Amino acid sequence: MASSLTRFGRALCANAWKSRAAVARTASAAAATRAANSYQQSLLNVPDTKVTVLNNGLRVASEDSGGSTCTVGLWIDSGSRYETEANNGVAHYLEHMAFKGTKNRSQIQLELEVENMGAHLNAYTSREQTVYYAKSFSSDLGKAVDILADIIQNPTLGKAEIERERSVILREMEEVEQQVEEVIFDHLHSLAYQGTPLGMTILGPTANIKRINRDHLSSYIASHYTAPRIVLAAAGGVNHDELVGLAERCFSGLPTTYDLPSLEPCRFSGSMMTVRDDTMPFAHLAFAVEGCGWSNPDYIPLMIAGAIIGNYDRTVGGGQNMASKLAQGHP
Ligand SMILES: [Zn+2]
């Protein structure tokens, strides 16, 4: 353990006793600040986020809100942004293979173990992360971490399973191509970040899906699934020290360094694309404006601004009765 830090430290306000007159005089002021006080109070009720960095560079983060269940997962710096044109799609392919058995558990054993715990095991791949996570009873935290550690460190990557998954992923690609919301966002990325890795799709082109083999998958694990690129995060009924102990036991074998070039900023380009199909009843439109990165101080205010504007889907009922200002403005 090298460092540990805590969010939201002490109490933010303390009310002293006042005389009755002083109380009357300040009643209206108190009413005016009640909202602010209750907000501050609500912050005090947020559990601390505890972060510990292990000696091998793996970060462990947790929020203990009590209760009898928890969610624990691995967030890995891996996704289509970390790929090249030649191996685009490999991170997503690997995510599929994680549930096909490990050196310690066959696929059936893995499924039975999760089922018998009454737990939920899932994963997703985005442009910038691959995530494996489990929801379980807090008393099963150790088993959940053990399963997560096993599926990312010891996947069997059997030849027959790789072949079977190839057709599953090609089918998934066909499904994605039927969803216009997905299609326009892929087009948006391909234009806004043209010529950079952010312009590629998460699934990769058909030619790559047909070509990816065991060597591609195992070399991707060796280069990307290393300790400094992984966060083990948990929330719910989670004891941080217990989680750190589990991480030290289950992830000590991970490589402590990685030999990958540092991530270059992806250039943003203005451009336009129209795909016209007069047989479709609706037009689907997306446009993007260059924003700031996750580590920029303006990122959170930008998210709040986005939440104030809100979402609006005209195909969902509710119209101007919805909370979104966007819906109220365009009933
Ligand atoms: Zn998939």
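Predicted model: local features only at pLDDT ≥ 70, side-chain atom pairs only at ≥ 80, totals over all residues.
Local features need pLDDT of at least 70 and side-chain atom pairs count only at pLDDT 80 or more, while totals for chains, interfaces and linings use all residues. Residues are numbered from 1 along each chain as its sequence is written.

**Exercise 1.** Find how strands S5 and S6 are paired.

*Solution.* Start with the elements: strands are DSSP runs of E with at least two residues, and helices are runs of H or I with at least four, numbered from the N terminus. S5 spans residues 120-125 and S6 residues 130-137. Strands pair if DSSP finds at least two bridges between them; here there are 6, in the antiparallel sense. Finally, Thr125 stands opposite Thr130 in S6.

**Exercise 2.** Identify the residues of H6 that helix H3 meets.

*Solution.* Take contact to mean C-beta atoms, placed from the backbone, within 7 Å. Tyr93, His96 and Met97 in H3 then meet Glu161, Ile162, Glu165, Val168 and Ile169 in H6. Now sort them by class, with Ala, Val, Leu, Ile, Met, Phe, Trp, Tyr, Cys and Pro as nonpolar, Asp, Glu, Lys and Arg as charged, and the others, Gly among them, as polar. The contact has 5 nonpolar, 1 polar and 2 charged residues.

**Exercise 3.** List the residues that Leu58 touches.

*Solution.* Leave out residues up to four places away in sequence. What remains is Ala227, Ile230, Leu232, Ala247, Phe251 and Leu254.

Conventions
Contact = placed C-beta atoms within 7 Å.
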